[in-house]
Amino acid sequence: MVSPKIEKALNKQIEVEAKSSQFYLAMASWADTQGFHGVSQFLYRHSDEERQHMLKLIHYVNERGGKAEIPALPKGPAKFESIQIIFKELFEHEQRVTQEINTVVDACLKEKDYTTHNFMQWYVSEQIEEEALARTILDKLALIGNDKGGLYLFDRDLASLTPDHS
Ligand code: OFO
């Protein structure tokens, strides 16, 4: 059974994952309309993955005797300045998500809920991978700079790059 405090913390995390999915979906759709099909495929997959993270939490809360809350979501941004800005925002977003996960882990320790603490370790590992991947992509973009040919190849590479480690 999850305590009310842990139930609240997990429900907040459900919202965080849902917002991540929504945010990346907006990025994917924008990239799609700009001709960056590889980038958009990558981001659509990333958005799906965040939805899976949300679902995993929903199932866990309900299985542990709590009640998962399905959050309302804000409208996604209609446009982004550039591919570089997208990945900068994605990286910053993931860093904030890591902080949120640490807050949940911290609450588990305070409540002595070692079962949920154990469950959350999957998210802790996932964040390490996601931050590392975003950092690698940003490094690549920094190397490419304004080179159009480089950006073309980058877009092609991203079509086969998968964010899914689950
Ligand atoms: Fe759910 O891992 Fe990114 O945000």
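Lysine 112 counts as exposed, at 59% relative accessibility, where exposed means over 50% relative accessible area, buried under 20% and partly exposed in between (1.4 Å probe, protein chains only). The model is predicted, so that local features need pLDDT of at least 70 and side-chain atom pairs count only at pLDDT 80 or more, whereas totals for chains, interfaces and linings use all residues. Residues are numbered from 1 along each chain as its sequence is written, and side-chain values use heavy atoms, with hydrogens and water left out.

Lysine 112 lies in the loop between α3 and α4; helices are DSSP runs (H or I, at least four residues) numbered from the N terminus. Although lysine 112 is not a glycine, its phi is positive, at about 55°.

Helix α3 (residues 83-111) packs against helix α4 (residues 114-144) at an angle of about 160°, and their axes are 9 Å apart. Axes are lines fitted to C-alpha atoms over the stretch in contact, and angles run from 0 to 180 degrees between N-to-C directions. The two helices are therefore roughly antiparallel to each other, a term applied to angles over 145 degrees. The crossing of α3 and α4 is left-handed, the near helix being turned anticlockwise from the far one by less than a right angle. The residues of this contact comprise 18 nonpolar, seven polar and five charged.

Serine 21 belongs to helix α1 (residues 4-33). Serine 21 is buried, with a relative accessible area of 11%. Leaving aside residues up to four places away in sequence, serine 21 touches Ser47, Glu50 and Arg51, contact meaning heavy atoms within 4.5 Å.

Methods: Parallel < 35°, antiparallel > 145°, perpendicular 65-115°, else oblique. Nonpolar A, V, L, I, M, F, W, Y, C, P; charged D, E, K, R; others polar.
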